[in-house]
Amino acid sequence: MAKDQHVPRRSFSLKNTLETFYRGGPICIDNELLACANGDEVTVVDAKTGGVKSRTEGDTEPITAMCFSANGKKVFVASRSLAMRELDVESGRFIGRKWKPHKMPVLAVSVDPSGQFLATASADRTIRVWDIERGYATHSYKGHTAMVTAVQFHETRGVLKLYSGSDCGEVGFWDLRGNKADAPMAKDAHVSAVTAIGISTCGKKILSAGRDGVVRVFGLNGKVISTTNVGEAVEAARVLPRKSALYGKSGEDREEDGKVRFATVGSGGKVKLWKEGAGKAFLESKTLTGGVENNAKSNTDFQAASGTFVECRLAEDGEMLLAVTGDARALFFETTGGSSSSSSNSD
């Protein structure tokens, strides 16, 4: 009778874990980190590996807006409970005080380039500017006739300014020196909600995008310079840095023609790259393919969501674009061989 052969014992250790880190809602990026709304909690994720660095429980209410601080060490988080808090990225914990910036939910936030001020735009139709270190409001702006859906700081010639967009299509121009409007409000900039405000790389133009399928470029004086018809409801738009691969090819496409180049995403399910005032995008991705969820009560609704984009952010210093789908997938796009392609998928 043959003796039983000795089988060496093996032990296994956990190397990596794939976890759900995003279920729709606000998302922001800083260098290689993503901060994602995951229900009422904030999940900080390594954008390259998809690994979860930290999970921070919220206050049981959905997150409505968030952004990284200027140095990337904190995330400002607003929720439907009306609370605003600061998340320390390194420890994964909320720090400092919790305060109530508005009487209604905050819908958009922005940090100025110096990192000293935080702007909050609210459903109460107002905008407030906060001194982050001292913890008090320095400015309050009224004038929008609907909830404020977008806000963006801009520093020009040493003067800090603020631009905003509302749910009824208005674009506001504000000067922090005099706590007043910097230019007359563009009340007919769009015929539906403004979803994005951006600043050109030269710092002399303001971009606004809306669900009416239009992107407008303004001068600092508030006058319209150009209008681009995107042909779909725009859910997000980002100005492209001049030195990035997304900006265009070498040679003719990189000429200093003064035209703003930007990316849009929306109901059409494509990432599109545009030159200001053009009738056609100079580069676009393939159309998203809608998925099917077996347990969904309505596959039609699920397919519709999975075939649309709801947000986009610049990544890798403008060399890539993070685009978020309606069914909560985070896709990274880069230019390859003259076309835009999806480089990675985190869901």
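Trainee: Which residue in β23 is the bridge partner of threonine 264?
Mentor: Lysine 272 is the partner. This is a predicted model, where local features need pLDDT of at least 70, side-chain atom pairs count only at pLDDT 80 or more, and totals for chains, interfaces and linings use all residues. Residues are numbered from 1 along each chain as its sequence is written, and side-chain values use heavy atoms, leaving out hydrogens and water.

Trainee: How many bridges are there between β22 and β23?
Mentor: Four, in the antiparallel sense, linking residues 261-266 with residues 272-275. Strands here are DSSP E runs of at least two residues, numbered from the N terminus, and two of them pair if DSSP finds at least two bridges between them.

Trainee: What order do the strands take in that open sheet?
Mentor: β21-β22-β23-β24, with antiparallel pairing. β21 (234-239) and β24 (283-284) each have a single partner strand, so one side of each lacks a neighbour in the sheet.

Trainee: Switching topic: which residues have the most contacts inside the largest nonpolar core?
Mentor: Val265, Val271 and Phe309, in a core of 16 residues. Such a core is a set of buried Ala, Val, Leu, Ile, Met, Phe, Trp, Tyr and Cys residues joined through side-chain atoms within 4.5 Å; buried means under 20% relative accessible area with a 1.4 Å probe, protein chains only. β22, β25, β26 and β27 each supply at least two of its residues.

Trainee: And what does valine 271 touch?
Mentor: Its contacts (heavy atoms within 4.5 Å) include Val265, Leu283, Phe309 and Phe333, leaving aside residues up to four places away in sequence.

Technical notes. Buried < 20%, exposed > 50% of the residue type's maximum accessible area, 1.4 Å probe, protein only.
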